[in-house]
Amino acid sequence: MASVNTVLGPVDAGRLGVTLVRESLMYVLPGAQYAYDIRIDRADVFDLLAVKLTEFKAAGGGAIVDAAGMFEGRDLRLYEALARATGVHIVASTGQGPEAMLGGYFLTPQTNPPTPWPAERFADLFGREVIEGMVVPRFERRAAAGLIATAVTVDGMKPTDGSLVRGAARAGAATGVPVFISCGSDAVAELELAAGEGMRAERVAVGDLDRRDAADSGWPAQIARMGATVVIDHVGSADPRYLNDAERIALIVELINDGHVARILLSSSATGVSYGVPGNDVPYSKLLTSFVPMLRNAGVADACVQQMLVSNPAALLSVGGQSQ
Amino acid sequence: MTRVNTVLGTISAAELGFVAIHEHIGYGMPGCELDSKWWKSPEQRYEETVPKLRKFHEYAKPYGAATFVDATGICNGRDVDYYKSLSAKTGVHIVASTGFVGGDTALPFFERASVDYLARQFIHEVSVGIGDSGAKAGIIKVGVSRGFRMKELDKRIYRAAARASKVTGAPIFTHLAVDCEPALTIFDEEGLPVKRVLFGHADDGVSQGKVNEKAILGKGGRIGFDTFGYDLELPDPPFWGRHRSERLKHFLGFLNHGLVGQVLASADANCSPLGWPGVKGHTVNYLFERLIPDLRDAGIDEATIEQIFVRNAAEFLTLQPISS
């Protein structure tokens, strides 16, 4: 059986159990770590996250993917300690995006003119986080990244968004680790951009597809037909920009009825703890305790629920994608 | 009574001695910490840095002491605890910055912040301290983003700096003296005397023809000849380099026209750069090894040299709150 890169090292994909592929453990809006009025108390953060992960496990959860990438709060040593303490498998991600989240090193480098980074440099940066290990900045590398996560600006693709998607796809194709794209203003074109870099569609997960504009545009079904994974990733959210849970269930039922159950993943985009910006304070366990019963009430078979929550994520996260 | 904030505490301006007004222990663009190509071990960092500071301390002995103003902004690898250890072990006074080198070095948290919040950030770092280091910033850094035009975020930072300067009395350092008109307008509107502002890098190669020296001088502002040593005669000069004789002639023009009170000089060297290769062989000690001999050769007397590096600097760095 293929293995998945977790923060504690490779784990057989069959051991993950119920897996949420788009969550965030500690979220830090870049720069917030330097704010005069923000104190990040590591002991408090640990306790808070440990409680949430333990609840998730008690509800039947097995693995959490921190899909926030390499620059928005990722703290590998904290995540390793949490994985050890709670028994929840934690997969951390490399990648960055969208453009507005990047540091000046990538956008206005000390060259004349200050040309932003091209795709090949992002491919190298992300690829090394898989091959050599994820960075603790200026210090050391730890375990291999299990996902390459990027995002496109919701209002429309910025030049460096394109380089990020292409770089992530190249790194994914080279290393066998899946790519996650939080979609912008044209999910189909964004997936095609990744595919153009030699990344097989089935190794790409497209997220934010339960955003209203995404659902209204019919992107979820189109993405599924193209062979990529549709991530319905705002379960439990009350954010008006996203479908509510009833609408979300209708979308999932439609996709299943169209034969796409193997292409669906569910997640909640929760932030365990958030600094610098209000978090999405949904418990990781809520998907299992509230949403799954709603799916069953809507007539979704247990086997389909299991597939979306267990075997689909295991297949996606398997390095090289051999598992199923 | 004069007060200057150094990383080891507040001291009298009379203790500063010889001041290198614009230097860097180590500067890197935000995000460069993710790229392991630039990483150095702590052993290497100290090895590259300590001898330069010790030499600077030795050179400055005739002036009583050596002061190194570190103009590294909040998101550029500023590391105040490290500066404290360097200062304690080498005897060099180190003055740290609050503020940003330019809008394009302010990470998303600060990019989204209001003028009021940014002002509170700067005031806190000057009057209470930076993070939990206990060290207070002694200057406020602002700057023009790449492209030689002030962007909206640059202007927001200048306005916040003006307010913070009035409250705390800390002087303002600009990165680049180009496009000074909007800056002068902001300082005017905020009621900050422009003598509290050093318009930096007015001497670099790429800014020539773009600096309205007359406008800055007319308002009482100070002109920074603070990239001494980035000479085009170097084997691999940076893009902002300039012919050594041309820069010297430019500077002598000011000294010989009664403007010595409005200039400050420095080398803008990195002891150990963080996210770029740096310029080999260029150190703060250029001031003693090349510049001062060049000035003497040009007939500049010791009193003038002392005025630039001791009295002007002390006057400028002295905290001067303005009650409104």
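The model is predicted. Its largest nonpolar core holds 209 residues, and the contact between the chains takes 27 residues from chain A and 26 residues from chain B.

**Nonpolar core**
- The members that touch the most other members of this core are A:Leu147, A:Ile148, A:Ile181, A:Val206, A:Leu209 and B:Ala161.
- Strand β3 of chain A (residues 18-28) supplies the largest share of the core, 7 residues.
- A:Ile148, one of the residues listed above, has contacts that include A:Ser93, A:Thr94 and A:Gly95, leaving out residues up to four places away in sequence.
- With residues up to four places away again left out, A:Ile148 also touches A:Phe126, A:Ala168, A:Ala171, A:Gly172, A:Val177, A:Val179 and A:Phe180.

**Contact between the chains**
- Chain A contributes 27 residues and chain B 26 residues.
- On the side of chain A that touches chain B, the largest share, 4 residues, comes from helix α3 (residues 104-107) of chain A.
- That side of chain A has 19 nonpolar, 7 polar and 1 charged residues.

**Surroundings of B:Ile308**
- B:Ile308 is part of helix α10 of chain B, which spans residues 302-317.
- B:Ile308 counts as buried because it has 25 C-beta neighbours inside 10 Å, where the cut-off is 20 or more.
- Apart from neighbours within four places in sequence, B:Ile308 is in contact with B:Val260, B:Val263, B:Leu264 and B:Ala265.
- Between B:Ile308 and B:Ala265, the C-alpha to C-alpha distance is 7.1 Å, and the two are 43 residues apart in sequence.

Definitions and conventions: Residues are numbered from 1 along each chain as its sequence is written. Chains are lettered from A and ligands numbered from 1 in the order in which they are written. This is a predicted model: local features need pLDDT of at least 70, side-chain atom pairs count only at pLDDT 80 or more; totals for chains, interfaces and linings use all residues. Helices (H or I, at least four residues) and strands (E, at least two) are DSSP runs, numbered from the N terminus. A residue is buried if 20 or more other C-beta atoms lie within 10 Å of its own, exposed if 12 or fewer, and partly exposed in between; C-beta atoms are placed from the backbone. Two residues are in contact if their C-beta atoms, placed from the backbone, lie within 7 Å. A nonpolar core is a set of buried Ala, Val, Leu, Ile, Met, Phe, Trp, Tyr and Cys residues joined through C-beta atoms within 7 Å. Ala, Val, Leu, Ile, Met, Phe, Trp, Tyr, Cys and Pro count as nonpolar, Asp, Glu, Lys and Arg as charged, and the others, Gly among them, as polar.
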